[in-house]
There are 4 protein chains.
Amino acid sequence: MTGASGALAARYRAVRTATEALAAPLSAEDQTVQSMPDVSPTKWHRAHTAWFFETFLLEPSCSGYQVFHPAFGHLFNSYYELVGSQYPRPRRGVVSRPGIAEIAAYRRHVDAGMAELLAGCVGAGQAALVELGVQHEQQHQELLLMDIKHVLSCNPMRPAYAPVSGTSAPAVEHAAATWLEHPGGMIEIGHRATAGIGNGAEGFCFDNELPRHATFLAPFALASRPVTCGDWLEFIGDGGYRRPELWLSEGWAAVRSGDWGSPLYWIGAGAGWDVFTLAGARAVDPAEPVCHVSYFEADAFARWAGARLPTEAEWEVAAVAEAIAEPVPAVSAVPGANVPGAGLDAVVPALHPRPVAGRAPLMGDVWQWTQSAYSPYPGYRPAEGAVGEYNGKFMVNQYVLRGGCCVTPIGHARIPYRNFFPASARWPFAGVRLAADR
Amino acid sequence: MTGASGALAARYRAVRTATEALAAPLSAEDQTVQSMPDVSPTKWHRAHTAWFFETFLLEPSCSGYQVFHPAFGHLFNSYYELVGSQYPRPRRGVVSRPGIAEIAAYRRHVDAGMAELLAGCVGAGQAALVELGVQHEQQHQELLLMDIKHVLSCNPMRPAYAPVSGTSAPAVEHAAATWLEHPGGMIEIGHRATAGIGNGAEGFCFDNELPRHATFLAPFALASRPVTCGDWLEFIGDGGYRRPELWLSEGWAAVRSGDWGSPLYWIGAGAGWDVFTLAGARAVDPAEPVCHVSYFEADAFARWAGARLPTEAEWEVAAVAEAIAEPVPAVSAVPGANVPGAGLDAVVPALHPRPVAGRAPLMGDVWQWTQSAYSPYPGYRPAEGAVGEYNGKFMVNQYVLRGGCCVTPIGHARIPYRNFFPASARWPFAGVRLAADR
Amino acid sequence: MTGASGALAARYRAVRTATEALAAPLSAEDQTVQSMPDVSPTKWHRAHTAWFFETFLLEPSCSGYQVFHPAFGHLFNSYYELVGSQYPRPRRGVVSRPGIAEIAAYRRHVDAGMAELLAGCVGAGQAALVELGVQHEQQHQELLLMDIKHVLSCNPMRPAYAPVSGTSAPAVEHAAATWLEHPGGMIEIGHRATAGIGNGAEGFCFDNELPRHATFLAPFALASRPVTCGDWLEFIGDGGYRRPELWLSEGWAAVRSGDWGSPLYWIGAGAGWDVFTLAGARAVDPAEPVCHVSYFEADAFARWAGARLPTEAEWEVAAVAEAIAEPVPAVSAVPGANVPGAGLDAVVPALHPRPVAGRAPLMGDVWQWTQSAYSPYPGYRPAEGAVGEYNGKFMVNQYVLRGGCCVTPIGHARIPYRNFFPASARWPFAGVRLAADR
Amino acid sequence: MTGASGALAARYRAVRTATEALAAPLSAEDQTVQSMPDVSPTKWHRAHTAWFFETFLLEPSCSGYQVFHPAFGHLFNSYYELVGSQYPRPRRGVVSRPGIAEIAAYRRHVDAGMAELLAGCVGAGQAALVELGVQHEQQHQELLLMDIKHVLSCNPMRPAYAPVSGTSAPAVEHAAATWLEHPGGMIEIGHRATAGIGNGAEGFCFDNELPRHATFLAPFALASRPVTCGDWLEFIGDGGYRRPELWLSEGWAAVRSGDWGSPLYWIGAGAGWDVFTLAGARAVDPAEPVCHVSYFEADAFARWAGARLPTEAEWEVAAVAEAIAEPVPAVSAVPGANVPGAGLDAVVPALHPRPVAGRAPLMGDVWQWTQSAYSPYPGYRPAEGAVGEYNGKFMVNQYVLRGGCCVTPIGHARIPYRNFFPASARWPFAGVRLAADR
């Protein structure tokens, strides 16, 4: 085993272990439930991420590998048309078997196969697929937490995923945001890798971050911090959810049909808003970034505030500039609050966005909606083979989010990373960073 | 403790234990799933039956009783408007907690309270409620099996609830049915109890079986056995599911929208029909009573056969006559087949309808659709109080089934018993007994 | 032409002319609209009734008859599977052509063919079909008025179908109902005709009224008048639409999903209820029979009143007794009110139920929901051929109404007549007559 | 009256008259139907365009103006929240009154008011609103034709809107497309007007075409002609509608749920495809531009062809270049075919896309889907007041189309014009122009 493949094997093991750590606080019952079609059961996430390695690495590469169960290909294929049929997504929650014990065995079986594969001679193509599988599993770690939060929120007892073990965060004063100016001009965005799913000297990226390309920006400004719950309380107080002139037409229809009056997971009304978190329900903290808002809400808030959402190019060029200027953001998030329980803190930064004081970096605790529709970059080519279905086929009717969030696995978020969701989605950890023309 | 209340306590314990025996083969994951709005999770059935005793006996009667959990009243109330709100039925499958361990503890807590209650002086009203609770729990035992069958059927691996432990049944020759003639005339139907939910010398009955009343019947005949799978294969072969003239208009719409071409749980087509059972999938046996057909299918089959469905009065008077003439039906169901696994055989007769040879009694292995809409008997009065919601409020757009089935708990089925389901329901163990005018 | 066929021809012409009189107040636009799937456009009713004569008489009987248009068989077949395909019912309102002029021409074409047919030798079978077609057209006359009322009610301008031409009715005092007692016992119901669709000495009947048969009734009482709007205001004032214990479970679901708080077509609330009528909107008159209530509402009202709905057998035997005792009901409906505009008064009794004072006959201004599910009478056989689809295939999930209503064409309603609608239907002119056990 | 306002008055009259000419072939019944929620009845289009002038000009500007009917503000407001409530769009087809005669009177009433207004002193703001109203009415002329085509297509008799009066077009040979190269670089797009809804020296534009702004393009190529029906037949023949790898994920779901196998309005299959046009059904002409395809289909076709859709900036810069180089496109569309009936040819170029031979200009007979999501241009500001709702609030989940089509009123289409529809829409006259990276 070379040093490179040894490192890859260690990375593989670390990420695989982290998935199990995230599932550990959950009972078999918790891991079985699907609370809406967008949500997948925890045990499905655990099995699907194993299926990915089995299907794209072990089956094609390892002649001696025995498929764990012939039905799992159908059950745990998410959407890869080229490798076979898929059990219908909205029905994942009605499949009780395999249970969590058998899925754990499945994962161990795949891990054994992968250990053998990684102990041998690993070609560049294989290494890239392993890295893709690892990144894929990290994406599902975030989804696992997003999804179980929605599941638990449907329970009128509002149970916690995990208690917060850290000490209480010091109170943070809610300060007004300022504008950070950018001159615009000809810039470049996209990952610096040169081909396919990048994985060379420039590090990993997804195919949708390529190719790096030039674009032109007018001068603009970004807010010095994300919109906070305190800001959002003002929006609510000013009739934000009752004034159609603030909303996109389709957003206003969503407000009315969904009876929206606050971000998802806010409970109560008026002075007494609580918020359901992965650690249970507690009072809304005005200093926290607002979270679990849809694109429609983000856009309406921006209009109310006399601002707008940034484009993804604006966001990226500003984030790069920030990273160069301030490699270690100092004051953004207050430490000590919302630290997950034992073991989890090695996997994700926090279970809930932490209060902000003063300027907060663009890479932060909430994903930030951009006004950019999720489209191919100029010259985009999907990866070859079935993994080419990974990103490209979702490039319609979705909007790009940037910046990572508190439940994005540590080390997974990167500046050029393009997350995307439909404009109506509220269960991601998504918030708002305002922009303005100059 | 008097002999009567001692017997009641023993009966209570036996039925409560039986519920746990039925749940025993199921994992926590199995017990969590709700595969359609009509289906409830196993763990919900277990909790709801405990809630019934807690709500209608322990809370009103026992001053020292501590409610197990304040949220369970909302979570496990099925439909009793007068005792509080209900968690929405179609969302029962998204509530992962309490899990099965906590529900087992809930059941033990209620059992302890009930043991204390039953050890004391039990009034007639209380005894009637206990008996109602026991009967109610037996109904949920049947529902539990019906529901988990549907859950498991959604899994493409077609897992078994429990293996069949008995030896294989001897092959039974498929014989033509004959007609059993009845003269009609003035008859009486309904339970002989005199008031409320009967529970005196005449034994238990539900309020919907009362009052016993006179009615007039023209001469008629009933078939000597239920319609079998062999009969149904002929119906399919003759285009039964493709000929609109055989169907009620609403039934034909159901055929088309549901793409029906066989009874529920039949798999495949043509010569090779398999059937999914609680013991897994296996070939259709022509000698078995057909099962899992809707009222629409039963009615269409009868029209195709030149016959009709019986009324519930016809069915009941014939069953009473049969019981008098032949107290012990001898040849109806072939023993030795489909005996449930260890422990289950003390709870229900079988996990699947058994083949029939020759004449088969009306009380049998499949519920039999009648043409009678589920309506109040003349002079019907619901029971007093919240338990008055038990039956009366469902008396619309449902049809009566008679006769019990293989998964009706032993001792629960009775001749005057009025089961009921919507005309489109296919997941009950429902079959067909033909009738004809004379 | 014999006297009999001459009379039949005259009757044919009179009924056909009446249809056109009912359509006359309506514009081409009015006649095109379908406001919900249950409703058909006026011009569809006009065409479909012509299609009936073309399909069941002219095509089979008249060798020289030229079909008016080859596509009309598909467009204007309602539900007769045996004579061909049907354009989907919920889409009738998107077919703009043929327009009303072409449909008028179609009707004249059919009338010419029928005139020729009726001028010749008309066999008994043909005569029966002509009579069926005439009765069928009368049914559609009532449907036409029911349907256009619904169409116009969707228009926020609340336009009138026709102004009321008569003088205003004298105010009627709202008097309490009394009970009319009946001894029950062995009785007979059903039409006296002996076979098929009756049409001999006993007069016409539909196949669903046959065979006349014996049944047994316990003693009962019927209210001396229908439930009035004044009664209904008390029910509303007592929280009738907000108390689940008064409702069937499915009815309560309808109340909540449909946000019901009054009969259909009532506008406003509290002291100021208006009602939309075919003559436009005006104040609710407490002395009028309540109208446009569903079975669910009728049942809930009866429970609230400590009474119940009658069975159809109870209703029929009482109506027969009443007709013998009081051939000409004297005081039931107040004349002079709601007389339709010129021409219409020869077709239907009134466009809206008229106030009642004192005892009101069972044959009256509102259809009366019975608690009887629409089922075949013992020994029922559908008519031969495609017209056998007329009634039998709807015998599921519907409830029987009796008595005719103000927009039932004059001469069409008869005591044994079995009307039927789903329990949720509110657009028929349906009200309530209470019954009680004795 | 100044020359300018005289010209405006003449323009107003011409466009208003054109609307009536488009409605003239349609009966009252035709004008009443709404075949799906996206479609509006012809008579609604006629009334709504009058409402626009009444609401935004006559009511605010003319003190003596009498509103024609107080209910019309509610009935004919499409989506302007700031000027009042709106009758629900999907229910426009159930409002039979006002009928076409009253709507014609409404239009005359508004025309009289406008004549008076235009005869007086017309300020710049008013003139801009008049021009906006005129452009708005032209948009509805196109919608009127799109919508009535859908309405008539639902009729199994496939009636024609208007017969084609011209002589038959000469057959055109189906020639392969070539690529037209463009170097990319820093370019500008957007209308040259300087503010608001442009209407000065630069001519009219909508607010969404502003501001003109710089952007950067990589080198690219556009096809020399739109994709033809002949091309599309190859796509179908190659399994285009059955191969998921060609489709966006959401597009594939649309293919399956909608059972798509050809463009909308194609009838039949295989060698024998017909197409429904505004002149009735006839054989598909391979030389015609394909029309009535969704964004999903356009995107899938491009992927199948190894190409992509253009961005709107690519399209616009190429169209400007083309217009400069070849002011009068010579060979694009074959004249003489599909000329509308008398009167219509003065309003729209044709009722169906005409065959193309050789190179065809970008401004042509079908709208061309771009890959650009409909987003605000950098620095976009909606117009002031209620007309600010005209465009901006639809900037989500829609895609931009460029180029105009055969039923766009003559003089209405312009190069910077941004049309937009959801990706699933098929009833616009939308086709495909391929693009490629260079």
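This is a predicted model: local features need pLDDT of at least 70, side-chain atom pairs count only at pLDDT 80 or more; totals for chains, interfaces and linings use all residues.
Biologist: How do you know that chain D and chain C are related as by a two-fold rotation axis?

Modeller: A rotation of 180 degrees, with 0.0 Å of shift along its axis, places chain D on chain C at an RMSD of 0.0 Å. The two copies are thus related as by a two-fold rotation axis. The same surface serves both, as 100% of the contact residues of chain D recur in chain C.

Biologist: Which residue of chain D comes closest to the rotation axis?

Modeller: E29(D), whose C-alpha lies at 2.7 Å from the axis.

Biologist: What makes up the contact between chain D and chain C?

Modeller: Chain D gives 34 residues and chain C gives 34 residues. Between them they bury about 2,300 Å², with 58% of it on carbon and sulfur atoms. E29(D), R97(D) and M157(D) supply 31% of the area that chain D buries against chain C, more than any other three residues.

Biologist: Why is the pair D30(D) and R97(C) called a salt bridge?

Modeller: The cut-off is 4 Å between a side-chain nitrogen of Lys or Arg and a carboxyl oxygen of Asp or Glu. The closest N and O atoms of D30(D) and R97(C) are 2.9 Å apart, so the pair meets the definition. The count between the two chains is 2 salt bridges.

Biologist: What makes helix 5 of chain C largely enclosed by the rest of the structure?

Modeller: Buried means under 20% relative accessible area. In helix 5 of chain C, 22 of the 30 residues are buried, so the helix is largely enclosed. Helix 5 of chain C covers residues 124-153 and reaches 43 Å from its first C-alpha to its last, close to the 44 Å expected.

Definitions and conventions
Residues are numbered from 1 along each chain as its sequence is written. Chains are lettered from A and ligands numbered from 1 in the order in which they are written. Side-chain values use heavy atoms; hydrogens and water are left out. Copies are superposed by least squares on the C-alpha atoms of residues with pLDDT of at least 70 in both. Contact means heavy atoms within 4.5 Å. Helices (H or I, at least four residues) and strands (E, at least two) are DSSP runs, numbered from the N terminus. The expected span of a helix is 1.5 Å times one less than its number of residues. Buried means under 20% relative accessible area, exposed over 50%, partly exposed in between (1.4 Å probe, protein chains only). Buried area is the accessible area (1.4 Å probe) that two parts lose on being put together, summed over both.
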